[in-house]
Amino acid sequence: MLLRLLMPCIIFVLCGLISLQVKAKSDIIIILDDLGYRPSDVAAFSLPKEITFSILPQTPLASEIAKRADQEGRAIMLHMPMQAQNGKDMGPLGLTTDMFAGAITHNVRKAIKSLPNAVGLNNHMGSAFTGQHEAMEALLKEVKRQGLFFVDSRTTVLTKGEEIAERLGVPNASRQVFLDHKLDPTFLLKQFNQMKRIAKRDGHVVVIGHPHPATIDFLNTHLPSLEEEGFTLTSVADYFSHAPKVAKQFAEKHAHTASLTSVSPTSSLLN
């Protein structure tokens, strides 16, 4: 009789413990920037498919990397070049602060045309451009028209990215950790641990790294332990599943896969 009375309490406590375990899971979103120039960039394909590749437009290897990523079911992003305070060369289709809105739109559309499967966009450099209200508004209006999401690389504390994206209703996030602006093993580990601390605190973290051999080796060594530590490596396609182009593109892929698996062996022989 006592056991029967206590059973609801026991079930309640067990459910609470399970709920706490579920909540303890923390999403880690890692984006690798600057892909497209170096043959060594393809080494990034050794990383889990949840790692997102952000590809520079109109670069020598951009199409090849994007095509292979698509075949492997990886989400890709457009790494859009934007003007920096130091005047460093941006590469093809760079956006500058003195451009009219129409010119910004034109360059963004050309960049997207070169990487048609990109589901989101983040800034390459941009410490000057992202701090300019009118320039960022023109950019983010086009991002919204294209159904993309925006990740602010936060190359300046003066960025207007999140503020304007929120006002326009563009799905967005901001980089919280730069993993590898120093290619020293001690520094990489320090940033990796910071990533985990933020993920535990906030429930998610957005990290940006680069396809340096040292970074790829480091990630291949340290990523496997994340799951048992209570972290979930999450693709931006899952994190931004509500973004229009993500929803459309990945729904089409799932539908295509389902149609293939539903074809019987007999019918496939007849075709």
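In this predicted model, the axes of helix H3 (residues 101-114) and helix H4 (residues 133-145) come within 9 Å and cross at roughly 45°. Here the axes are lines fitted to C-alpha atoms, for helices over the stretch in contact, and angles run from 0 to 180 degrees between N-to-C directions. Helices (H or I, at least four residues) and strands (E, at least two) are DSSP runs, numbered from the N terminus. The angle makes H3 oblique to H4; angles under 35 degrees count as roughly parallel, over 145 as roughly antiparallel, 65 to 115 as roughly perpendicular, and the rest as oblique. The crossing of H3 and H4 is right-handed, a term used if the near helix is turned clockwise from the far one by less than a right angle.

On the H3 side, Ala101, Ile104, Thr105, Val108 and Arg109 make the contact, and on the H4 side Ala135, Ala138, Leu139, Glu142 and Arg145 do so; contact means heavy atoms within 4.5 Å. Six nonpolar, one polar and three charged residues form the contact of H3 with H4. In this division Ala, Val, Leu, Ile, Met, Phe, Trp, Tyr, Cys and Pro count as nonpolar, Asp, Glu, Lys and Arg as charged, and the others, Gly among them, as polar.

A further pair consists of helix H6 (residues 185-202) and helix H7 (residues 213-222), whose axes come within 11 Å and cross at roughly 50°. That angle makes H6 oblique to H7. The crossing of H6 and H7 is right-handed. Pro185, Leu188, Leu189 and Phe192 of H6 meet Ala214, Thr215, Phe218, Leu219 and His222 of H7 in this contact. The residues of the contact of H6 with H7 comprise seven nonpolar, two polar and no charged.

Helix H7 also has two sides. Thr215, Ile216, Phe218 and Leu219 of H7 are buried, where buried means under 20% relative accessible area, exposed over 50%, and partly exposed in between (1.4 Å probe, protein chains only).

Leu168 belongs to helix H5 (residues 161-168) and is buried, with a relative accessible area of 15%. Residues up to four places away in sequence not being counted, Leu168 touches Glu137, Leu140, Lys141 and Lys144. Leu168 and Leu140 are 28 residues apart along the chain, and their C-alpha atoms are separated by 7.7 Å. Gln249 is located in helix H9 (residues 244-261) and is likewise buried, with a relative accessible area of 12%. Apart from neighbours within four places in sequence, Gln249 is in contact with Asp70, Asn117 and Val119.

The whole chain may now be considered. The protein contains ten helices and nine strands, and 46% of its 271 residues count as buried. Of the contacts with a separation of 6 or more, 71% are between residues 24 or more positions apart.

Residues are numbered from 1 along each chain as its sequence is written, and side-chain values use heavy atoms, with hydrogens and water left out. In this predicted model, local features need pLDDT of at least 70 and side-chain atom pairs count only at pLDDT 80 or more, whereas totals for chains, interfaces and linings use all residues.
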